[in-house]
Amino acid sequence: MNPAAPGPSPERRRVSAKAARFTESVIREMTRLAMQHGAINLAQGFPDFSAPEEIKRAAQEAIAGDVNQYAITWGARPLRQAIAAKFARTQGVEVDPEREITVCCGSTEAMISAMLAVVDPGEEVVVFEPFYENYGPDAILSGAVPRFVKLRPAGAGNSDWTFDRDELAAAFSPRTKAIILNTPNNPTGKVFRRNELEFIRDLCVRWDAYAITDEIYEHILYDGAEHISIARLEGMRERTITINGMSKTYAVTGWRVGWAIAAPEVSGAIRKVHDFLTVGAAAPLQEAGAVALALPESYYAELAAGYRARRERLLPALEAAGFRCFPPQGAYYVMTDISAFGFADDVAFSKYLVEKIGVAVVPGSSFYHNPADGSQQVRFAFCKKLETLDAAAERLAKLKSGVKEVRM
Ligand SMILES: Cc1ncc(COP(=O)(O)O)c(C=O)c1O
């Protein structure tokens with residue numbers, strides 16, 4: 001090494017413009033803060049209860065049975081067959097596991113692989129907001145130009161979030177390549193209704209756009225809400241990429257097994273992107289995935305009932321503590337309005353909650369492209385044991401007096 005030689009120019013040392021355009025995940029950062037302050041983590045959406053015994057056993061047996069080398073890059077056949085069987089069973093959509101399914105490292109990878117597979121830089125992607133925070137960086141990494149369309153909480157007495165049909169129609173144009181849909185929705189808990197999906201379908205057909213739909217909360221539904229995959233609507237089978245995964249349905253967020261279902265040509269492109277991004281998802285966990293997806297209907301009924309009980313436990317506690325809740329119809333989050341607490345913004349409030357009250361949440365601004373839109377909202381995750389929720393409720397009950405102390 002020649003110390004006299006000039007080092008790399010500042011320009012060469014710069015990180016890519018893409019990487020510079022987004023920050024670290026706020027949700028994962030809140031988990032780190034929760035650990036640092038010994039706070040109860042109602043920020044990140046991972047369960048604190050066990051995964052089903054039979055699937056843990058299946059994973060152990062797969063490792064013991066030497067399923068320890070690369071699986072086929074687009075997914076082990078038993079898992080792909082189980083995914084196809086489940087999609088047919090639950091949504092009535094028949095797909096070919098040999099040509100239309102790609103198993104990825106979580107639905108997170110399925111989403112970015114799908115976007116890289118169908119979007120060229122400069123093409124537009126319609127995104128409902130508030131949105132799951134990954135979709136922002138996904139758009140940047142794939143070069144997509146996001147067109148945001150607002151979901152707004154309906155008025156008093158109506159917990160639904162709705163979009164303005166004219167606003168959505170105006171977001172589509174010849175530049176639109178896809179719409180990203182997430183139903184049941186994180187963070188709002190909205191479950192898109194059939195007539196809304198039909199409206200979206202009509203726009204996709206009119207503008208020849210794809211629907212990329214993230215359905216990982218499909219089994220977590222409340223108040224009789226029905227999950228409808230847009231792929232099952234007439235005209236959508238060929239233009240939909242359905243993304244799903246094991247994380248939420250089987251309480252295995254750390255396994256990183258998800259998938260994308262799409263017509264053969266699109267699947268071919270997704271498979272290529274996926275192969276060069278990650279080669280494949282963990283082989284033994286894919287074997288266990290095939291066991292999980294074949295669990296009886298009673299498993300899903302119990303899953304939904306468990307989440308109903310958690311929702312019923314958390315919502316009244318939040319209301320009592322002074323939050324205005326937007327009760328979810330699906331998924332395991334509740335968005336809340338924090339204006340009663342009189343904080344300047346959601347970040348200051350979240351910091352106060354984690355440091356002084358001992359509960360971690362996600363600041364609402366991380367779900368909006370314009371942070372001001374979420375500045376009086378925070379999101380709670382309730383994928384936790386009832387005792388965890390009770391402990392959080394106890395801490396939150398101190399909130400009102402605590403806020404007064406801080407203000408004095
Ligand atoms: C809407 C949505 N999609 C995807 C994910 C991540 O899923 P996975 O663990 O399958 O990557 C999450 C996790 O919170 C989510 O809320």
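Me: What should I keep in mind first?
Reply: The model is predicted, so local features need pLDDT of at least 70, side-chain atom pairs count only at pLDDT 80 or more, and totals for chains, interfaces and linings use all residues. Residues are numbered from 1 along each chain as its sequence is written, and side-chain values use heavy atoms, with hydrogens and water left out.

Me: How do I read two packed helices?
Reply: They are described by the angle between their axes and the distance between the axes. Here, helix α6 (residues 106-118) and helix α7 (residues 135-142) have axes that come within 9 Å and cross at roughly 35°. Helices are DSSP runs (H or I, at least four residues), strands are E runs of at least two, and both are numbered from the N terminus. Axes are lines fitted to C-alpha atoms over the stretch in contact, with angles from 0 to 180 degrees between N-to-C directions.

Me: Which residues of α6 and α7 meet?
Reply: M111, I112, M115 and L116 in α6 meet Y135, D138, A139, L141 and S142 in α7, where contact means heavy atoms within 4.5 Å.

Me: How many cavities are there?
Reply: A cavity is a set of points on a 1 Å grid over the protein atoms alone where a 1.4 Å probe fits but cannot get out; lining residues have an atom within 4 Å of a point. The count is 3 cavities of 30 Å³ or more. A volume is the space filled by probe spheres set on the points, joined across faces, edges and corners.

Me: What about the largest cavity?
Reply: Its volume is about 90 Å³, and α5 gives the largest share of its lining, 4 residues. The second largest cavity holds about 60 Å³, and its lining includes F87, T242 and I261.

Terms used:
1 Å grid on protein atoms, 1.4 Å probe; cavity = no way out; pocket = protein on both sides within 12 Å on 5 of 7 lines; lining within 4 Å.
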